[in-house]
Structure formats: C-alpha cells, structure tokens
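Try each task before you read its solution.

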Amino acid sequence: MTGPRYGSRHHAGTEQPPGPHRPGPAPEGSSCPVSHGGSPPPLSLPAHWAAAALPAAADGHGRGHAPRPTVVLGKIQYDSPGRDNGSNRSLNAEWVTVTNTGRQAVNLRGWTLSDESHRTYRFDLRLAGRSSVRVHTGVGRDTRHDVYQDLRRYVWDNSDTATLRDAHGHKVDSKSWGHHHGPRR
C-alpha cells in the first residue's frame, strides 16, 4: 500500500477534482473552513461515497486508532512434559501456538518467532482465518496445523519470552514466563 495509512481521507486512485460535493482549494481572499487547532468540518459527500468509506472507518483505521492485531501468540508449552532427554518426541512436545483471530487469512511468509536468545523460526505459510498453528521445536513434516523448526536442541527456557514479528520486523505480540515482573536490570 502506498500513501498515508491512517487518518487519510483519500485512497490511492480515488482522488477526484473539486466539484459540487468535493471541496477544492478555498478561493483567494476567502476564509479557510478549517480553524487552526480544531477539527476540519465534515465533508459533504454523495451517499454512495459515504457508504464506500464506512468499512475503512469501521475497520479501526480511523484517526487515532491503531488496527487491532489479528495474529497473536496463544498457548505455549515451554517445558516438554516428562524427562528432557533430547529425543525428537521430547523436542516436539515443546511448542508455541500462533492464532489468527480474524476472519481473513494472513500471509505469514517472512514473519518470525524468536526467544530471548534470538533463536528464530521464519514462517512460510498462510494462516487461515480463525485458525491456529503450533510451532514445534523438533523435526517433523509441516501441515496446516503443525510446523516444525527442525532443531535438535530445546529452544524455550523456563524463564523466556516468545516474540512474534511481522515480515517488516515489527513486533506483533510477545509472551513472557518465569520472569520476575519487575524492571529488568
């Protein structure tokens, strides 16, 4: 997407020349309809334009509202049940759930899941709407519901943080456990 992301009144390719329902620049010598420090006056748009603009505003992309993330970290099994014997079965009993709470599928290609030691798994999948995928530590065959880091050592410690980042490196979600929740030194 190009151009402003939030609070924009224009969408790429929809800019129209001034007309009876589209404000243009104020004629020279007239007062500007926007007071400094106040909000701009409401736009007078034809009904079909207002209806077309509603979904974007209803989607949380209006002024001052950041979009709610639809991909979040779910349940985490950081301590493999039983003895930590390093077997593939034990490694795969250690996992992190990534959940898409939205209705639309999300392309996770290039997204990462990492721990505090910067051990990182890079996704290459599309997560269907309202579904989850478990990211297992050990070796296995990827499916729609389970993916494998193909590692031969444990990743998640008893005191750690799982961080999910999008393909641009922006933090989407994180979960910590086993920490003293005071300030870090």
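**Exercise 1.** Which side chain meets that of Arg 119 in a salt bridge with an N to O distance of 3.5 Å?

*Solution.* Keep in mind that this is a predicted model.
- Step 1: The cut-off for a salt bridge is a Lys or Arg side-chain nitrogen within 4 Å of a carboxyl oxygen of Asp or Glu.
- Step 2: At 3.5 Å from N to O, the partner of Arg 119 is Asp 157.
- Step 3: Arg 119 sits in the loop between E4 and E5, while Asp 157 belongs to the loop between E8 and E9, so their pairing ties together parts 38 residues apart in sequence.
- Step 4: Now look at Asp 115, whose side chain also forms a salt bridge with Arg 119, at 2.6 Å from N to O. Together, Asp 115, Arg 119 and Asp 157 make up a salt-bridge network.

**Exercise 2.** Where in the chain are the partners of the salt bridge between Arg 109 and Asp 124?

*Solution.* 
- Step 1: Check the bridge itself: the closest N and O atoms of Arg 109 and Asp 124 are 2.7 Å apart.
- Step 2: Arg 109 is in the loop between strand E3 (106–107) and strand E4 (112–114), and Asp 124 is in the loop between strand E5 (120–122) and strand E6 (126–127). The two are 15 residues apart.
- Step 3: Turn to accessibility. Arg 109 is exposed because its relative accessible area is 54%, and Asp 124 is likewise exposed at 54%.

**Exercise 3.** In what order do the four strands of the open sheet lie, and which are the edge strands?

*Solution.* 
- Step 1: The order is E1-E2-E7-E8, with mixed pairing.
- Step 2: Strand E1 (71–77) and strand E8 (146–148) are the edges, as each pairs on one side only.
- Step 3: Follow one pair in detail. E1 and strand E2 (residues 95–100) run antiparallel over five bridges, and Val 72 stands opposite Thr 99 in E2.

**Exercise 4.** Which residues does Arg 152 contact beyond its neighbours within four places in sequence?

*Solution.* 
- Step 1: Find Arg 152 in the loop between E8 and strand E9 (160–165).
- Step 2: Its contacts beyond those neighbours are Leu 91 and Val 139.
- Step 3: For Leu 91, 61 residues away along the chain, the C-alpha separation from Arg 152 is 7.4 Å.

Conventions:
Residues are numbered from 1 along each chain as its sequence is written. This is a predicted model: local features need pLDDT of at least 70, side-chain atom pairs count only at pLDDT 80 or more; totals for chains, interfaces and linings use all residues. Side-chain values use heavy atoms; hydrogens and water are left out. Two strands pair if DSSP finds at least two bridges between them. Contact means heavy atoms within 4.5 Å. Buried means under 20% relative accessible area, exposed over 50%, partly exposed in between (1.4 Å probe, protein chains only).
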